[in-house]
Amino acid sequence: MKHFAPRVLALAIASSFAFNAAHAAPAPARAENAYLSEADAMARSSRVSNVDYVLDFTLTGKETFAGTTTVTFDLKDTDSALTIDLNKATVKSVTINGKQVTPTYNNWFITLPADTLAKGKNTVTIAYERLHSTNGEGLHRMVDPVDGKVYTYSHFEPAAAHQMFAVFDQPDLKATYTVTVNAPSDWHVVTTTRESNIADAGSVNPGGKRWTFPKTKKLSPYNFSLHAGPYQVWEDKSGKYPMRLFARQSVAKQVTPSDWFRYTKSGLEFFDNYFGIPYQFEKYDQLLVPDFLYGAMENAAAITFAEGGFLYKSEMTPAQKSRLAEVIMHEMAHQWFGDLVTMKWWNGLWLNESFASFMATLATAEATEFKDAWQSFYQQDKQGAYIQDQKVSTHPIEVPVPSSANAFDNIDAITYSKGASTLKQLRHMLGEEVFRKGVHNYLVKYSWQNAKLEDFIGSLGQAAGRDLSKWTQDWLYQAGVNTITANYSCKAGKINAFSLQQTAASRELPTLREQRVQVAAFKRVNGKLVLDKNVPITYAGAKTNVPGMVGAACPDLVYPNYQDWGFVKVNLDQRSFETARTTLAGVEDPLLRAMLWQALWDGVRDAKLPLNEFIKVALANAPQEKDYTLLGDVLGKVAASKGYINSMGIDNAWSKQTARQLEDMAWQGVVANKGNDAFQRSWFGLYSGLASSPEALARLAGMLDGQGTEGLKIGQDQRWSIITRLNRYNYQGAANLLAAEQERDKSDTGQGAALAATVVRPDPAVKAEWLDKVEDLQTKLPFSRLRTAMGAMYPSEQKKLDEMTAERRLAKLPAIDKAAGPVFMRTYAGTMIPASCTPASVARLTKAANTMKDLSAGTRRSLLDTLQEDQRCVAIKQALTAPKS
């Protein structure tokens with residue numbers, strides 16, 4: 001928010017500030033907790049500069065590691081003490097400017113007394129030991145259950161570097177890092193730079209090796225990383241930059257290095273050319289790591305990827321390869337936008353992620369075989385953003401972040417996908433080359449520095465020669481998604497008036513925005529929908545006339561965001577809506593077809609189109625879908641439809657008939673696509689996710705023995721999906737099948753799958769056992785296992801089991817929220833808050849929302865979102881025109 005004061009008052013304020021600064025009292029002491037406030041961070045970075053770390057680690061593979069941080073920095077003043085972050089370590093010694101001092105340490109940060117510091121250059125050395133993390137942050141340690149080998153990797157975003165070493169853990173204190181590591185002799189050690197020497201460790205680590213790495217370029221702490229273990233290594237030097245890929249030895253057979261190197265090489269060439277700045281790090285390493293909290297992380301020159309998202313025990317499908325390419329590109333874009341130029345504080349994290357999401361889709365579409373990447377973006381990323389932006393918990397793209405504890409409170413589909421969508425439509429508005437020039441200028445100007453939103457927008461505005469302040473205010477500082485409707489009339493078969501009507505999200509979110517879209521009119525010709533007229537137009541305000549449409553043939557369908565330029569919800573006029581319902585198979589453009597499917601699904605979610613009517617459309621049209629990318633989206637909507645029926649608890653002739661029709665459609669899809677592996681696996685994925693009748697479950701069980709597979713390859717991934725489904729519905733002998741499969745697959749992923757298949761069983765004793773484990777915040781179980789259990793605990797059809805502990809879980813929510821950290825609560829609040837699609841459940845959640853006002857921001861948002869989705873489910877049930885009981 002900006003306040004504009006008269007010049008005289010402004011001068012008075014400035015003079016007062018100058019006087020107070022010259023006679024300032026020492027800064028208030030930092031709050032004694034695990035987090036860093038923005039105020040404390042800005043106070044620290046105003047005093048500290050020119051930071052350099054020399055880091056020495058001793059890794060043995062055991063549960064603890066030892067480290068020494070020697071940090072050199074310039075200090076502006078010695079008016080007050082200085083803190084350096086170090087989480088839950090055993091501090092052995094602290095030396096400040098050559099003098100050993102007694103550590104002042106509270107388990108979160110060390111306080112360096114003012115009288116030990118010097119104005120100008122300071123050197124602080126801190127020796128410590130610490131437990132490895134097991135929750136995916138800091139320096140995580142994992143023991144491979146297959147061969148007992150130990151693997152470690154680091155993860156620091158948003159502010160977890162201090163879980164590995166003593167550091168000024170904030171993004172605007174960029175530094176250089178010089179690293180040495182003592183490690184077992186069979187380990188590889190990976191960090192930002194390539195090792196300059198590997199020697200025997202000697203007495204420090206008998207039998208081990210000592211790895212020495214040269215100094216890095218300037219990086220924010222969260223962009224630095226260190227990974228070590230007996231990883232399998234693949235190398236490729238065919239491109240401009242040497243590439244390496246790392247994975248655990250026990251999963252090496254699941255890795256397809258050729259895919260990784262092909263996409264990486266293409267991406268590096270694309271980004272070098274697009275940004276006009278060569279890749280700034282000498283090598284490009286990528287590591288597949290276990291128990292990872294997120295999809296991937298853009299550590300400079302040493303990017304980590306979640307095994308669970310990118311390793312498969314069957315050949316990758318085109319959809320899986322497309323996702324791999326897109327995520328490789330996303331993390332690669334960060335090497336420029338995030339690592340080279342970094343936000344000053346965590347409120348700028350959205351811009352990092354939005355820009356990387358936008359650039360990843362652009363690069364995937366232009367530098368890989370996945371030319372329909374923008375269609376995938378529309379179907380997946382953008383729909384997630386639309387859903388998030390219509391929730392009661394929606395928020396602006398740019399929001400304040402008062403503390404590192406809040407850094408991920410608003411990291412969601414708005415941060416990633418709405419932000420990326422706004423950049424996409426801004427590119428259309430400014431022009432592609434103007435946009436690229438603005439990005440280039442920004443990266444050049446702020447290389448190796450920190451920047452703010454206004455710096456980025458300023459570079460784009462300067463390149464375009466226009467003021468983007470109103471665009472910034474409307475799009476980045478105001479929440480909510482607008483809706484556009486085409487209003488038109490026809491006379492003598494021709495359009496005689498045409499306008500776009502824009503409406504705001506709500507009375508509370510009244511912003512109307514400017515953006516450029518394409519308005520397209522279609523005619524039905526011989527059962528096909530044919531484009532008759534397409535008019536690009538920039539609209540703003542409540543009404544925008546579209547003169548270019550006047551005189552065109554009266555259309556059967558109008559789509560006012562053709563080819564998906566804009567970020568806006570489309571409300572089809574009645575004639576267009578009916579055309580969409582009846583002519584889906586006659587739409588040849590897959591992106592338009594995806595948009596019309598989405599319009600119908602929006603009708604369901606808004607309780608305007610009865611769910612049973614949507615299912616009729618799906619039964620008639622889904623089997624005809626021949627676009628692979630769109631098929632996945634359509635089948636996802638079919639599965640969601642069945643999920644709604646389960647949640648509603650409808651158990652009557654209609655629900656049973658519908659379940660059987662959907663099962664039959666899915667199985668016919670498997671049979672009809674015999675020989676087409678990608679399509680067949682998509683249909684089988686739907687079938688295994690819908691099967692609930694005795695006949696369907698028996699068919700799945702038979703497929704485990706090779707019966708009736710219709711040529712489908714039943715690999716380990718498919719076997720686990722079948723066994724999980726059989727256990728979910730308590731199929732006879734399912735528990736024995738589970739036990740046998742555990743013996744067959746003893747891998748880490750096998751253990752996780754077995755756990756999911758166990759917890760999902762409709763057994764009150766199993767639920768009680770695992771609920772106790774989840775709620776035991778002192779458990780020694782790896783967090784990855786708890787996440788799996790929470791995700792499998794209460795599937796939609798197990799309403800009675802869910803209700804058995806619903807009151808207890810809701811009552812415990814404030815206490816668990818207070819005791820657990822944000823990493824735990826992101827999963828717990830997203831899976832364990834009870835909702836059962838009944839008025840009573842809505843009333844229970846409403847009461848909780850009205851009384852639980854002191855929850856952490858993230859948990860309260862989850863509570864409000866759960867309430868809203870429960871209300872939506874009740875409304876969808878009420879809108880049914882099929883029997884409800």
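Trainee: Are Tyr53 and Phe165 buried or exposed?

Mentor: Both are buried, meaning under 20% relative accessible area, with exposed over 50% and partly exposed in between (1.4 Å probe, protein chains only). Keep in mind that this is a predicted model, where local features need pLDDT of at least 70, side-chain atom pairs count only at pLDDT 80 or more, and totals for chains, interfaces and linings use all residues. Residues are numbered from 1 along each chain as its sequence is written, and side-chain values use heavy atoms, leaving out hydrogens and water.

Trainee: How many aromatic pairs are there?

Mentor: Rings of Phe, Tyr and Trp (its six-membered ring) pair if their centres lie within 6.5 Å; planes under 30 degrees apart are stacked, over 60 edge-to-face, the rest tilted. That rule gives 49 aromatic pairs. Take Tyr53 and Phe165: their ring centres are 5.9 Å apart and their planes at 80 degrees, so this pair is edge-to-face.

Trainee: What does Phe165 contact?

Mentor: Contact means heavy atoms within 4.5 Å. Leaving aside neighbours within four places in sequence, Phe165 has contacts including Leu55, Phe57, Tyr128 and Phe224.

Trainee: Which charged end sits over the ring of Trp475?

Mentor: For that, NZ of Lys or CZ of Arg must be within 6 Å of the ring centre and within 35 degrees of the ring normal. Here Arg513 does it, 5.3 Å from the centre of the Trp475 ring. Lys773 likewise lies over the face of Trp770, at 4.1 Å from the ring centre.
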